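Biologist: Before we discuss particulars, may I ask you to present the model and then take my questions in turn?

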Amino acid sequence: MESARLFDGLELHSKLTTAEGDSALIARKTPDAYLLDLEVKIRVPKAAQSLEEVALADPLVASTLPGIKADFPKAKVSNFYYALYQLKVDAVNRALGHLDQIVSRHNFFDCNTILEFIDTKTNRKALLIQSDMDVNADGSDADRYTEVDGSFTNFQPFTSYRWLKKTNKPSQFAPEREEKLKQLQAEYDAKTTSADRKKILKEQLEQTQRELSDLKKYSFLIAKIDPYVVLPGFMLRQPNHPFLPKLGDYVVVINRGKLYPAILGDVGPSYKIGEASLRICMQLDPHSTAYIRPASDLNITYVVFPGSADAPPGPPDLKKMHDRCAALLSDIGGYAGELCEWEDLLAKPSPSPEPQESSPSSASQSSSPPPELSPTGSPSPKSTPSPSPSVTKGN
């Protein structure tokens with residue numbers, strides 16, 4: 001294999017150095033007589049901290065969130081930022097023995113900053129994350145929608161945010177796991193199966209059984225239906241952190257002067273950040289798919305409001321999501337621009353009116369219900385512009 005093909009965005013410099021050594025007879029038995037000395041050099045980026053540095057990625061941040069300008073000098077680079085980049089370095093180090101698996105340049109430099117804000121008037125806490133946006137296509141909920149496309153690579157019918165099922169409708173992803181359980185159990189019970197293989201099979205049996213149990217017990221977010229974002233798992237496992245985000249917390253995604261309400265709905269790998277559901281991605285770029293991200297540049301701002309989650313968890317209420325995000329933005333000084341009002345793609349069409357008799361001279365007319373949800377499209381949501389040219393305050 002060509003050495004350049006081993007790396008994903010890693011700049012490769014090669015140099016051959018020779019020196020006179022012992023005889024070939026001895027050199028064959030000397031490990032360092034024929035040596036590849038591998039050294040990976042990484043310039044770990046510093047976090048953008050000033051408003052000017054953040055504006056380099058998105059010049060509209062300051063005008064979209066005018067209230068945070070006064071608090072920027074007091075904003076603190078979060079420990080989450082330093083922990084994230086340490087985890088990235090650790091991931092690169094682990095991959096040195098498998099260079100084809102090394103963290104890509106795109107995924108290493110995927111976070112411009114993570115800042116902690118506390119509004120001086122309301123004491124509202126917020127995390128401002130500036131990153132790119134990858135696509136999350138996971139999740140399923142037979143109670144609400146049974147046409148989820150699970151054919152994507154690495155698709156999972158689960159999200160970390162979940163709630164107890166409300167109906168007895170079976171998951172479309174349960175039968176394949178039931179069949180897998182039968183196959184695994186049959187191999188485990190076979191007399192020819194070795195003890196080492198049985199250890200592996202036992203783990204697979206337990207994992208598949210847990211997945212099947214979850215599908216029968218819980219409902220999950222649906223990536224193409226629900227607006228949610230994903231954060232690296234380590235951020236949710238810091239119980240004493242004053243800015244600890246939790247599943248269900250409200251998040252506002254900002255891009256090019258537009259704001260999109262969302263919730264924190266899933267957790268991802270601890271060395272990557274910047275990911276949102278297919279619903280949000282398609283709104284930013286209609287060409288987005290499970291394999292095509294809407295933003296490769298670090299121009300997406302995620303404002304996370306720790307401690308804002310509603311209890312108990314349940315299916316997203318899009319109207320409530322909009323109003324809560326508007327109020328939370330008001331707590332940090334308000335916003336200017338358009339705050340998206342998501343259309344409920346699962347809303348049942350209103351029944352057609354009863355046909356009325358018409359005179360022979362009048363043309364007959366019929367009304368059709370709205371089309372069913374397309375498996376490949378997403379209607380554009382409405383947007384709520386700010387009521388004044390300056391700052392919009394929530395209730």
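## Questions on a predicted model

Modeller: This is a predicted model. In the model, strand S2 and strand S3 (residues 125–136) pair in the antiparallel sense over seven bridges.

Biologist: Which residue in S3 does isoleucine 114 stand opposite?

Modeller: S2 covers residues 111–118, and its pairing with S3 is antiparallel. Within this pairing, the residue that isoleucine 114 stands opposite is isoleucine 129.

Biologist: What is the phi of asparagine 123, in the turn of the hairpin?

Modeller: S2 and S3 form a hairpin, and six residues lie between the two strands. Asparagine 123 belongs to that turn, and its phi is positive, at about 65°.

Biologist: Which residue in S2 does valine 77 stand opposite?

Modeller: Strand S1 (residues 76–77) also pairs with S2, in the antiparallel sense and over two bridges. Opposite valine 77 stands leucine 115.

Biologist: Is strand S2 largely enclosed by the rest of the structure or largely exposed?

Modeller: The cut-off for a buried residue is under 20% relative accessible area. Cysteine 111, with a relative accessible area of 3%, is therefore buried. Because six of the eight residues of S2 are buried, the strand is largely enclosed by the rest of the structure.

Biologist: How many of the residues of strand S6 (residues 228–232) are buried?

Modeller: Tyr228, Val230 and Pro232 point one way from S6, whereas Val229 and Leu231 point the other way. The residues on both sides are buried. S6 is therefore largely enclosed by the rest of the structure, the buried count being five of the five residues.

Biologist: What is the bridge partner of proline 232 in S8?

Modeller: S6 and strand S8 (residues 258–268) run parallel and are joined by five bridges. In S8, the bridge partner of proline 232 is glycine 268.

Biologist: And what is the bridge partner of valine 229 in S9?

Modeller: S6 pairs with strand S9 (residues 275–277) in the antiparallel sense, over two bridges. The bridge partner of valine 229 in S9 is alanine 276.

Biologist: Which residues of the largest nonpolar core touch the most other members?

Modeller: In soluble globular proteins, nonpolar side chains tend to be buried together. The largest nonpolar core here has 76 residues. Those that touch the most other members are Met133, Val229, Ile280 and Leu329.

Biologist: Which residues does leucine 329 touch, not counting residues up to four places away in sequence?

Modeller: Leucine 329 is one of the residues with the most contacts to other core members. With residues up to four places away in sequence set aside, leucine 329 touches Leu65, Val252, Leu259, Phe305, Gly334, Tyr335 and Leu339.

Biologist: How many residues are in the second, separate core?

Modeller: Tyr145, Phe173, Ile225 and Leu345 are among the members of this second core. Its residues number 10.

Biologist: Turning to the rings, what is the class of the pair of tyrosine 81 and tyrosine 85?

Modeller: The structure holds 11 aromatic pairs. In the pair of tyrosine 81 and tyrosine 85, the ring centres are 5.0 Å apart and the planes stand at 50°, so the pair is tilted.

Biologist: Which helix holds both tyrosine 81 and tyrosine 85?

Modeller: With relative accessibility of 1%, tyrosine 81 counts as buried, and tyrosine 85, at 3%, is buried as well. The two tyrosines are four residues apart, about one turn of the helix, and the helix that holds both is H4 (residues 79–94).

Biologist: How many residues apart in sequence are the parts tied together by the pair of phenylalanine 152 and tyrosine 291?

Modeller: The rings of phenylalanine 152 and tyrosine 291 are edge-to-face, with 6.0 Å centre to centre and 80° between the planes. Phenylalanine 152 lies in the loop between S3 and strand S4 (162–164), and tyrosine 291 in the loop between helix H8 (278–284) and strand S10 (295–304). The pair therefore ties together parts whose separation in sequence is 139 residues.

Note on methods: Residues numbered from 1 in each chain as written. Predicted model: local features only at pLDDT ≥ 70, side-chain atom pairs only at ≥ 80, totals over all residues. Heavy atoms only, no water. Buried < 20%, exposed > 50% of the residue type's maximum accessible area, 1.4 Å probe, protein only. Pairing = 2+ DSSP bridges. Core = buried A, V, L, I, M, F, W, Y, C linked by side-chain atoms within 4.5 Å. Contact = heavy atoms within 4.5 Å. Phe/Tyr/Trp six-rings, centres within 6.5 Å; stacked < 30°, edge-to-face > 60°.
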